[in-house]
Amino acid sequence: QDRATDAVPLALVEVADGIAWVSLNRPDKRNAMNPALNAYMHEVLDAVEADERVGVMVLTGAGEAFSAGMDLKEYFRETEEKGHLAVRRAQRDAYGWWRRLRWLEKPTIAMVNGWCFGGAFSPLFACDLAFAAEDAQFGLSEINWGIIPGGNVTKVVADLLGQRDALYYIMTGETFDGRRAAAVGLVNESVPADALRGRVAEVAKVLLEKNPATLKAAKDAFKRVVEMPFDTAEDYLVVRQESLAFLDKTEGRKAGIRQFIDDKSYKPGLASYRR
Ligand code: ACO
């Protein structure tokens, strides 16, 4: 598929009630990620980030799959035939949109509707939260065709799973369902397939009530401090909170204190302040 000439976009974006529902859109290929899709996703993320109607982004897949991982024909075989530089470029585009997604200005939720293999663990991890259909199927299938989980998938499972579960799935390639994905910590929750979109919309609605500048600082702070020693993290969090005070032109922190202490209009332990 060539995005310049193809009438069907490689990802669909539907904006409703503050949520951008982004669907990887190669359903006939189980949303396998080819170089054209990976390049196109940079444009999609730019558009979602700039769209003032959007407060939360959901990433999902059209049809039966979330994503069947990297496109074995187009991302690997055909790109390798073009040589080393083409391989590096394809990697840059793929890793690049996942990295961009990981640090997106807006909160992100992965909605795993079906098949999720190999390289698809990378955009799954990049999303701040993840929800799966109970019958969605996950697998680290790399071992089944003779490679190791690259595209940082080994790092993803090292960060999210315990060692026994990680090595079990890396070494056996066995598939597991959404329930199991929730039990091992790969996703937040699994729900019946017909309840998935509703549950994700419900969580997105909670996020839409929060201060967006604080949400961005909070998710980045978590993702940064997990890699820091204790005292460095402590200092980083002081500085990050102070930078938030500068970035949040609504001065949400002051309003939050005022509405509780002076107005007595809400309880911060139980709900968000009124923005
Ligand atoms: N790369 C390239 N093409 C793919 C991929 C993929 N990862 N996944 C599916 N397709 C294509 C198939 O070749 C087929 O194409 P065709 O219609 O032109 O013949 C089409 O998508 C439909 O696939 P089927 O296998 O017929 O679909 P089915 O629903 O029976 O099975 C399943 C779905 C289980 C996802 C199967 O397609 C599959 O095993 N895909 C590969 C999964 C995988 O191991 N991905 C790589 C992970 S490792 C990594 O990402 C680095």
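Lys264 is exposed, because its relative accessibility is 68%. Exposed here means over 50% relative accessible area, buried means under 20%, and partly exposed is in between, with a 1.4 Å probe and protein chains only. Lys264 sits in the segment after α11. Its phi is near 50°, a positive value in a residue other than glycine.

Some ground rules. This is a predicted model, where local features need pLDDT of at least 70, side-chain atom pairs count only at pLDDT 80 or more, and totals for chains, interfaces and linings use all residues. Residues are numbered from 1 along each chain as its sequence is written, and side-chain values use heavy atoms, without hydrogens and water.

Now confidence. pLDDT is the predictor's confidence in each residue, from 0 to 100. The protein averages 96, and 97% of the residues score at least 70. The model has ipTM 0.99 and pTM 0.96.

Back to α11, residues 252–261. Helices are DSSP runs of H or I, at least four residues; strands are runs of E, at least two; both are numbered from the N terminus. Ile257 is in this helix. Ile257 is partly exposed, because its relative accessibility is 49%. Ile257, Phe260 and Ile261 make a nonpolar surface patch of about 270 Å².

Asn25 counts as buried at 8% relative accessibility. Asn31 is buried too, at 0%. Phi of Asn31 is near 55°, again positive in a residue other than glycine. Contact means heavy atoms within 4.5 Å. Not counting residues up to four places away in sequence, Asn25 touches several residues, including Asn31, Leu37 and Ala62.

Which strand holds Gly61? Gly61 is in β3. Gly61 is buried, with a relative accessible area of 9%. Leaving aside neighbours within four places in sequence, Gly61 contacts Ser23, Leu24, Asn31, Phe66 and Asn113. Gly61 and Gly96 are 35 residues apart in sequence and 19 Å apart in space, C-alpha to C-alpha.

Last, helix α1, residues 35–50. The expected span is 1.5 Å times one less than the number of residues. An α-helix has 3.6 residues a turn, so residues three or four places apart point the same way.

How values were computed. Patch = residues over 30% accessible without salt bridge, like charges linked within 9 Å, V, L, I, M, F, W, Y side chains within 5 Å. Areas by Shrake-Rupley, 256 points an atom, 1.4 Å probe, with all protein chains shown as cover. Salt bridge = Lys/Arg side-chain N within 4 Å of Asp/Glu carboxyl O.
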